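Hello,

Here is the structure I promised to pass on. Have a look first, and my notes follow below.

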Amino acid sequence: MAVTLIFLGRLADLAGMPEREIDSPLDWGTLVEELEGELGEALEGEKVKVAVNGKLLADKRILAASDGDEVALLPPVSGG
Amino acid sequence: MLDIQLLEKGFSPGKALGLFAKAHPEAGGIASFVGKVRMDEGVKALELTHYEPLTLPGMHALAEEAQARWNLDGLLIWHRVGVMRPQAPIVLVSAAARHRRDAFQAADFTMDHLKSDAWFWKRERRADGWHWIEPREQDHDDLARWR
């Protein structure tokens with residue numbers, strides 16, 4: 001029973017990988033606890049957003065992911 | 001007509017614009033912007049990453065918003081992802097409209113949103129490795145003009 005985490009931008013550098021699996025069910029507190037250190041701290045930053053299965057969460061703290069879900073961790077963007 | 005694309009490989013803005021103009025014979029004007037990898041000292045390459053489930057749908061939503069705000073005949077948004085060399089085109093935005101103000105404004109609006117409100121992450125390679133690029137304060141100010 002697992003959730004897939006996708007790390008975008010500099011979060012992939014901090015994680016040392018672009019994606020990984022984590023036990024489900026998963027809420028925000030557990031996620032930050034599991035991804036300790038610099039990565040966990042970065043996630044708490046105001047500008048990091050979260051999407052579940054391609055849908056952006058209005059507030060990442062309401063995260064409630066279950067088996068098979070894809071959770072994307074999105075740092076500030078820069079395109080163009 | 002909307003032409004929204006994410007491109008893994010290099011493209012020719014001139015060729016794309018020629019085809020876009022041909023597809024919109026009714027337009028009285030076409031305003032276009034080409035964004036390129038700047039030739040900055042020490043920058044060897046630029047990489048853009050995206051997140052498939054959000055990036056392309058986000059570009060479509062942006063195009064629809066531009067269409068709702070201005071009277072457009074067509075809007076083209078092509079954006080590169082992957083590794084690019086200095087001088088390579090990154091983005092092409094082209095707006096076709098009956099009248100020029102709509103075309104200018106829609107292209108400007110679309111570019112401001114692609115810079116700091118679209119799902120892309122940019123990093124550049126210098127002699128000492130890769131560096132992530134954060135949007136500039138100016139990019140956020142530019143975006144705020146449309147609110």
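Let me start with a definition: a crossing of two helices is left-handed if the near helix is turned anticlockwise from the far one by less than a right angle, and right-handed if clockwise. Helices (H or I, at least four residues) and strands (E, at least two) are DSSP runs, numbered from the N terminus.

This is a predicted model, in which local features need pLDDT of at least 70 and side-chain atom pairs count only at pLDDT 80 or more, while totals for chains, interfaces and linings use all residues. Residues are numbered from 1 along each chain as its sequence is written, and chains are lettered from A and ligands numbered from 1 in the order in which they are written.

Chain B first. It has 4 helices and 8 strands, in the order β-α-β-β-α-β-β-β-α-β-β-α from the N terminus. Its C-alpha atoms fill a box of roughly 50 × 35 × 30 Å along the principal axes.

Now the helix pairs. α3(B) passes α4(B) (residues 137-144) in a left-handed crossing. The two pack at an angle of about 140°, with their axes 9 Å apart; axes are lines fitted to C-alpha atoms, for helices over the stretch in contact, and angles run from 0 to 180 degrees between N-to-C directions. That makes α3(B) oblique to α4(B) (angles under 35 degrees count as roughly parallel, over 145 as roughly antiparallel, 65 to 115 as roughly perpendicular and the rest as oblique). On the α3(B) side, the contact (C-beta atoms, placed from the backbone, within 7 Å) is made by B:Asp112, B:His113, B:Lys115 and B:Ser116, and on the α4(B) side by B:Asp139, B:His140, B:Asp142 and B:Leu143. These residues divide into 1 nonpolar, 3 polar and 4 charged (Ala, Val, Leu, Ile, Met, Phe, Trp, Tyr, Cys and Pro count as nonpolar, Asp, Glu, Lys and Arg as charged, and the others, Gly among them, as polar).

α2(B) (residues 52-69) and α3(B) (residues 100-116) come within 10 Å and cross at roughly 150°, so they are roughly antiparallel to each other. This crossing is right-handed. B:Leu62, B:Ala66 and B:Arg69 of α2(B) meet B:Ala106, B:Phe109, B:Thr110 and B:His113 of α3(B), a set with 4 nonpolar, 2 polar and 1 charged.

Finally, the interface: 22 residues of chain B are in contact with 12 residues of chain A. The largest share of chain B's side, 4 residues, comes from α3(B). That side divides into 15 nonpolar, 4 polar and 3 charged residues.

Best wishes

Key
Two residues are in contact if their C-beta atoms, placed from the backbone, lie within 7 Å.
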